[in-house]
Amino acid sequence: MFENSQRTELLALGEFGLIDHLSAHFNAKLPSTALGIGDDAALIDIGEEYLAISSDCLIEGVHFDLTYTPLKHLGFKTVVVGISDIIAMNVKPEQVLINIALSNRFSLEAIEELYEGVRLACEKYNVDLIGGDTTSSRSGLMLSVTAMGRGHKNHVVKRSGAKHTDLLVVTGDVGGAYMGLQILEREKRVFLEHNTMQPDLEPFDYIVGRQLKPEARIDILDILKELNIKPTSMIDISDGIASEIHQLGKASNIGFDIYEEKLPIDAQTIDTAVSFDLNPSIVALNGGEDFELLMTIPIEFFENIKSHPDFTIIGHVTEFPMTFKLNTRAGNAFDIQAQGWQHIKKD
Ligand code: ADP
Ligand code: MG
């Protein structure tokens, strides 16, 4: 199947290069596989509707650090990470399965905490936990979540439908989860050095909350319906806008122009970024894990969304494939690199 004769470093490919390399050898052959690898969720033809299905891993030391992540929050976040990809298909998530690998380091009470978070999220987002697997791990806690939901065939939104002149729209605000992580990492270092003081996270409550207990934007599905808007393409922001526009651009064969002054950034995110000597716009473009939605919307809906509190128009689609420009406040234009998008490279 693969004809590599020598050792190739994964570093050379990055996460998305690796996925492309592997998936090239797996063309979907069943008529029921309506959409395979390459979107937020796969689509299975189940008759009148599609079943959208997607899975994600959360690994201790990579995706979470238990020194500052309460297990209840981790359980909640696991469900959010899973269902966010279903929501990004314009589909209401309905069921999740959760696999867990753990060691004797954890007590029953600790795992109960984790599952209390899972339960809270299942209640809040109206999804059922319907299964999973429990096994042992010798190297930390690992979670995997599979989420699914059914959507009418005409309502499902892929990454591949963006058209020239469409508006690029983001929900909520971005960059907060990344700055929350920077605060938690800083306080962890201080704690390890001095081993006494409990950190005061109060001044950073919003961004720390964005990191530890993100919300899934299930509410946006109803709002879009009420406004009678079907996005032409959509993705959830797990790796950062810079990465996600590359995914939309690749799937739709288009480019984007983004306007720096339009990026929706919370005041706490801005203040914290500045105190870390970071440019808030770079943080907004490259910070991941906000789990907001990024979508393209036909320009005729401009009036419907231009002053809607849940949406911000940050740019528009261009006809130049895979060309992503940031128009700065100072009037310059820069290429947007997908800095945050290759975990394997980053590590
Ligand atoms: P997301 O960030 O939305 O969770 P990913 O970037 O993780 O999406 O994945 C992109 C696409 O590649 C998805 O369709 C996903 O199902 C697929 N994919 C990722 N890893 C693998 C793998 N190991 N085997 C097959 N498909 C994969
Ligand atoms: Mg996604």
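At what angle do helix α2 and helix α3 pack, and how far apart are their axes? The views below come from a predicted model.

**View 1. Helix α2 packs with helix α3.** Helix α2 covers residues 71-87, and helix α3 covers residues 108-124. They pack at an angle of about 40 degrees. Their axes are 6 Å apart.

**View 2. Helix α4 crosses helix α8.** Helix α4 is made of residues 176-194, and helix α8 of residues 267-275. The two axes come within 9 Å. They cross at roughly 45 degrees. Helices α4 and α8 are therefore oblique to each other. Here α4 passes α8 in a left-handed crossing.

**View 3. Oxygen atoms of ligand 1 meet Gly38, Asp85 and Ser238.** Start at Gly38: a backbone N or O atom lies 2.7 Å from a ligand oxygen atom. At Asp85, an N or O atom of the side chain is 2.9 Å from an oxygen atom of ligand 1. At Ser238, a side-chain N or O atom is 3.4 Å from an oxygen atom of the ligand. Taken alone, ligand 1 exposes 560 Å². The protein buries 62% of that area.

Note on methods: Residues are numbered from 1 along each chain as its sequence is written. Chains are lettered from A and ligands numbered from 1 in the order in which they are written. This is a predicted model: local features need pLDDT of at least 70, side-chain atom pairs count only at pLDDT 80 or more; totals for chains, interfaces and linings use all residues. Side-chain values use heavy atoms; hydrogens and water are left out. A polar contact is a pair of N or O atoms within 3.5 Å; within protein, one must be able to donate a hydrogen and the other to accept it, and residues adjacent in sequence count only if both atoms are side-chain atoms. Accessible areas come from the Shrake-Rupley method with a 1.4 Å probe; for residues, only the protein chains shown count as cover. Axes are lines fitted to C-alpha atoms, for helices over the stretch in contact, and angles run from 0 to 180 degrees between N-to-C directions. Helices (H or I, at least four residues) and strands (E, at least two) are DSSP runs, numbered from the N terminus. Angles under 35 degrees count as roughly parallel, over 145 as roughly antiparallel, 65 to 115 as roughly perpendicular and the rest as oblique. A crossing is left-handed if the near helix is turned anticlockwise from the far one by less than a right angle, and right-handed if clockwise.
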